Amino acid sequence: QHLRANHAFNVEVPCRIFYKEKAYLGIIRPQGAGSRLKDKWAYRIELKDNDKIENLNKFNLSAQVYDKTMLKTTLTSKIYKQLGFPVFNNKHIFLKINNSDHGLYPLIERIEQPFFERRALPVYELFKLGFDSRFTFDEPYNPEYVFDKEIPDDKNYRSLIEFIHAVDTASSHKIFDALGDHLDIENYITYHAITSLINNFDAFTNNFLLYKKLPGEPFEIIPWDFDKSFYHEADAGIAGENNIIKKIFSNPEGL
């Protein structure tokens, strides 16, 4: 009752979790933004004592409020994975809270340090886009208010600021040299192209992560949140729009 009465806040509530006839102790809290305003919410769960469900100590239960089929995450994950992007694992479960049915949910792996450890991937920096993130300083703002630095948690936004500055200032004739120092352009174009083709229109200023493997390497993309893939109520167009793709398209020699 305390959780349900405070869904607009990140209220953490201790709980007992039953999965495949085994009991666990953990913490549950609301997760996400828009889903909190809907009848079906998303949740974040962390198990105590380093216990794991589906090999995960922390995971999300995604409401998928824009996907009545509950298939878009599975399909989109497979598409991105086939193109070589690191993608979270997901598995469908039925959720009950206090013996009340809450329906079908994808159990989703969180993209945190263990995500990379499970895949034996190096990670130097990781930034998650907030809602309506912008890749320009045309109207000055502080990226700390929009982007979340997930790894390491040191509040150092220098590499992100340098990347956004490069998007603003890179010469159209020298994009691949100037911008390529900060972003793996081929990786980004692949991401942007397939994201446009599947009409994942909510993913160009939101719902992806900037991932740097090692110091001095450019950012790559990790896709996130797929319930607006194949969306029929809005159109990404031939290519969804953000300042990154505008800069790349400004190259007179093409791609």
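Contact here means heavy atoms within 4.5 Å, and helices (H or I, at least four residues) and strands (E, at least two) are DSSP runs, numbered from the N terminus. This is a predicted model, where local features need pLDDT of at least 70, side-chain atom pairs count only at pLDDT 80 or more, and totals for chains, interfaces and linings use all residues. Residues are numbered from 1 along each chain as its sequence is written, and side-chain values use heavy atoms, with hydrogens and water left out.

**View 1. Helix α6 and its packing partners.** The buried residues of α6 pack against α2, α5, β9, β10 (220-223) and α7. Buried means under 20% relative accessible area, exposed over 50%, and partly exposed in between (1.4 Å probe, protein chains only). Among the buried residues of α6 are Tyr188, Tyr191 and His192. The helix covers residues 185-197, and its 13 residues should span 18 Å at 1.5 Å a residue, which agrees with the 18 Å between its end C-alpha atoms. That expected span is 1.5 Å times one less than the number of residues. After α6 comes Asn199, with a positive phi near 55°.

**View 2. Glu220 in strand β10.** Is Glu220 buried or exposed? Glu220 counts as buried, at 16% relative accessibility. Leaving aside neighbours within four places in sequence, its contacts are Asp184, Asn187, Leu209, Leu210, Tyr211 and Lys213. One of these, Asn187, is itself a buried residue of α6.

**View 3. The buried face of helix α4.** Helix α4 (residues 158-169) reaches 16 Å from its first C-alpha to its last, close to the 16 Å expected for its 12 residues. Ser159, Leu160, Phe163, Ile164, Ala166 and Val167 are its buried residues. Seen down the axis of α4, they fall within an arc of 155°, so they line one face of the helix; the arc is that of the directions from the helix axis to the C-beta atoms. An α-helix has 3.6 residues a turn, so residues three or four places apart point the same way. What do the buried residues of α4 pack against? They pack against β7 (125-129), β8 (147-151), α5 (175-178), β9 (208-212) and α7 (243-249).

**View 4. Leu71 in its loop.** Leu71 sits in the loop between β4 (58-61) and α2 (72-82). With a relative accessible area of 47%, Leu71 is partly exposed.

**View 5. Gly32, in the loop between β2 (22-31) and β3 (42-47).** Gly32 is partly exposed, at 36% relative accessibility. Gly32 and Leu47 lie 15 residues apart in sequence and 19 Å apart in space, C-alpha to C-alpha.
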